Amino acid sequence: MEALTSILFHGLAYAMVLYIVSVGLAVTMGLMGFVNLAHGVFAMAGGYVTVTLMNGYGVPFGLALLAAFIITALISVVLERTLYARLYGASELDQVLFTIGLIFMSVAAVRYLWGPLPQPVHLPAMLSGQVDLGFRSFPTYRSFMILVGFVLIALLWLLVERTNFGAQLRAAVDNRRMAESIGIDTRRLFSCAFALGSGLAALGGGLGADILAIYPGYASEYLVYFLMVVAIGGLGSLRGPFVAALLLGIGDTACKYLVPQLGAFFVFAAMIALLLWRPAGVFGRA
Amino acid sequence: MSPVDALIRRHRLRAIELLPWIIAVGGYFAFADYLPLGSQILIMILFALSLDLVLGYAGIVTLGHSAFFGVGAYAAGIYAARVSGEPLSGLLVGAVAAGAVGWGSGMVILRTQGLALLMLTLAVTALLAEAANKASFVTGGADGLQGVDISPIFGVFRFDLFGRTAYVYCLVVLFLAWLFARHLVHSSFGQSLIGIRENLVRMHAIGSPVRRRLLAVYTIAAALAGVAGALLAQTTQFVGLTVLGFQRSGEIVIMLVFGGVGRLYGAFVGATLYMIAQDQLAKMDPEFWYFWIGLLLVLLVMFARGGILGLLDRVVRR
């Protein structure tokens with residue numbers, strides 16, 4: 001029982017980070033069919049901005065996260081306009097190569113600027129320690145992460161389901177040509193979605209700095225996990241990746257807790273099985 | 001000229017196709033101090049050549065080709081450490097093991113396309129890397145496989161300290177593999193692969209057994225990659241976890257793309273230049289080497305699709 005709640009709790013916190021980082025990838029891949037392997041780079045950038053602002057300039061955690069969101073979103077929109085946009089409709093191989101190029105460049109640049117070691121995260125006093133929920137106590141930081149995760153999901157849901165922007169986005173994902181022909185500017189829409197997705201990734205990177213360590217290998221090492229969330233969850237929806245992140249977060253935590261000698265083996269095997277069963281993702285539309 | 005004539009003409013060996021071999025043999029005498037690097041280059045050429053069959057000819061975008069290189073390296077390494085140090089049977093063990101993994105995984109993952117396929121190639125590699133990491137009682141885990149002792153080839157040619165035997169050994173294996181690959185891509189089987197790459201729906205429509213063809217080439221390429229891995233294990237007498245990493249899969253794709261995809265010789269040009277540049281630049285600034293590679297890759301995609309040979313083609317035609 002004790003172990004079960006631990007697994008569920010830590011798995012949930014992990015799943016939240018995975019979801020916040022990956023949801024933007026699901027939307028951009030669904031919208032433009034762009035294989036963006038460099039999505040993790042934006043999460044890494046967010047992590048480094050957060051940690052640097054906190055450790056170097058004493059900026060409070062919340063403010064640093066906000067700054068990470070804004071800075072990364074701005075960088076990403078510049079990249080999108082200047083480089084990504086030229087490769088829409090290019091072959092899969094070209095997109096893969098281009099984004100691998102971005103990963104290599106960012107990894108080298110980050111190693112040059114910050115060194116090869118993982119960045120230490122000094123949490124504010126308010127978030128360290130434990131919080132007592134009556135039947136047992138939980139680490140405050142992870143509880144905070146879960147809370148922020150749910151708030152973000154609620155906001156995202158409101159944005160996509162209840163605003164004009166969201167309606168346009170859904171229309172463009174469903175049928176881009178039709179959306180264009182009724183006057184929706186899909187290029188602008190995509191830039192916005194790309195910036196939002198990258199900003200969220202940055203937020204996830206900063207927020208999850210304690211779970212997914214901020215170091216130069218970030219963008220390539222965790223890439224498999226981000227892609228897994230998208231591939232299993234299916235493209236172009238909010239719900240699919242969430243369920244996939246839950247499965248992955250809790251499954252991975254459970255495996256590492258219960259059978260540490262097998263490590264991530266089960267997770268990869270389960271993913272292969274899931275993708276064979278539903279190649280377009282478990283919740284994706286084929 | 002009829003298409004049949006064109007095919008026959010393409011199959012006939014042209015003089016320029018001997019150039020890589022003249023350079024490779026000349027290199028043995030000209031760069032006697034660099035033979036270990038030379039062997040590495042030859043191994044990477046073989047690895048890139050096997051990838052070209054899958055990526056260039058069949059059009060399967062894979063980020064998991066290092067899986068087969070790694071399986072070949074581990075199989076040959078473990079065979080040498082536990083069973084026998086005889087090198088040629090070791091190569092065969094590497095090829096068979098990698099081919100079997102290629103066949104098994106191909107049977108499963110080649111049902112899918114696009115993102116799912118890309119993911120599955122990555123997942124298979126991640127799975128094998130995790131397995132190699134955890135099964136440290138046979139693979140040595142993170143410390144690498146120790147005790148790989150290779151006996152002389154045919155009981156005569158010992159692997160010497162200067163890498164002379166290793167170089168010649170790699171060169172002969174690569175030459176045979178090249179003959180095989182060249183024959184393969186010019187055969188009707190090779191032509192059907194190009195057809196699948198160019199127009200999948202039409203190949204289905206004319207009754208080509210698409211999945212069987214893809215599985216066949218995937219298995220063959222896996223076995224060749226396994227031979228490359230086995231060569232690495234035998235010539236360096238060590239196998240580490242990096243043979244299975246994402247980094248290696250990415251690098252081999254980059255080498256091939258720099259040279260030119262789907263041309264058979266892109267592997268030769270790309271792998272040679274990449275390895276030499278890495279050897280030279282990494283000495284000056286190992287950390288920043290990947291930055292330049294990344295930048296070059298972005299520029300390549302933006303301005304020079306087709307790689308170095310593609311650029312040459314364009315220059316020659318003009």
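Q: What share of the contacts in chain A with a separation of 6 or more comes from residues 24 or more positions apart?
A: Keep in mind that this is a predicted model. In chain A, such residues account for 75% of the contacts with a separation of 6 or more.

Q: Which secondary structure does chain A have, and what pattern does it follow along the sequence?
A: Chain A has 12 helices and two strands. Read along the sequence, the pattern is α-α-α-α-β-β-α-α-α-α-α-α-α-α.

Q: How does the radius of gyration of chain A fit that of a compact globule?
A: A compact globule with 286 residues would have a radius near 19 Å, and chain A agrees because its own value is 19 Å. Along the principal axes, the C-alpha atoms of chain A fill a box of roughly 55 × 45 × 35 Å. Of the 286 residues in this chain, 48% count as buried.

Q: Which residues touch the most other members of the largest nonpolar core?
A: In soluble globular proteins, nonpolar side chains tend to be buried together. The largest nonpolar core here has 199 residues, and A:Val229, B:Ile45, B:Ala48 and B:Met119 touch the most other members. Helix 1 (residues 2-32) of chain A gives the most to this core, 17 residues. Beyond its neighbours within four places in sequence, B:Ala48 has contacts that include B:Ile252, B:Leu256 and B:Ala271.

Q: Is B:Val54 buried or exposed?
A: B:Val54 counts as buried because it has 26 C-beta neighbours inside 10 Å, and the cut-off for buried is 20 or more. This residue lies in helix 3 (residues 35-57) of chain B. Setting aside neighbours within four places in sequence, B:Val54 is in contact with residues including B:Ile60, B:His65 and B:Tyr218.

Q: How many residues does each chain bring to the contact between them?
A: Chain A brings 37 residues and chain B brings 33. On the side of chain A that touches chain B, helix 4 gives the most, 16 residues. That side divides into 29 nonpolar, four polar and four charged residues.

Key: Residues numbered from 1 in each chain as written. Chains lettered and ligands numbered in written order. Predicted model: local features only at pLDDT ≥ 70, side-chain atom pairs only at ≥ 80, totals over all residues. Core = buried A, V, L, I, M, F, W, Y, C linked by C-beta atoms within 7 Å. Buried ≥ 20, exposed ≤ 12 C-beta atoms within 10 Å, placed from the backbone. Helix = DSSP H or I, 4+ residues; strand = E, 2+ residues; numbered from the N terminus. Contact = placed C-beta atoms within 7 Å. Nonpolar A, V, L, I, M, F, W, Y, C, P; charged D, E, K, R; others polar. Rg over C-alpha atoms; globule rule 2.2 N^0.38 Å.
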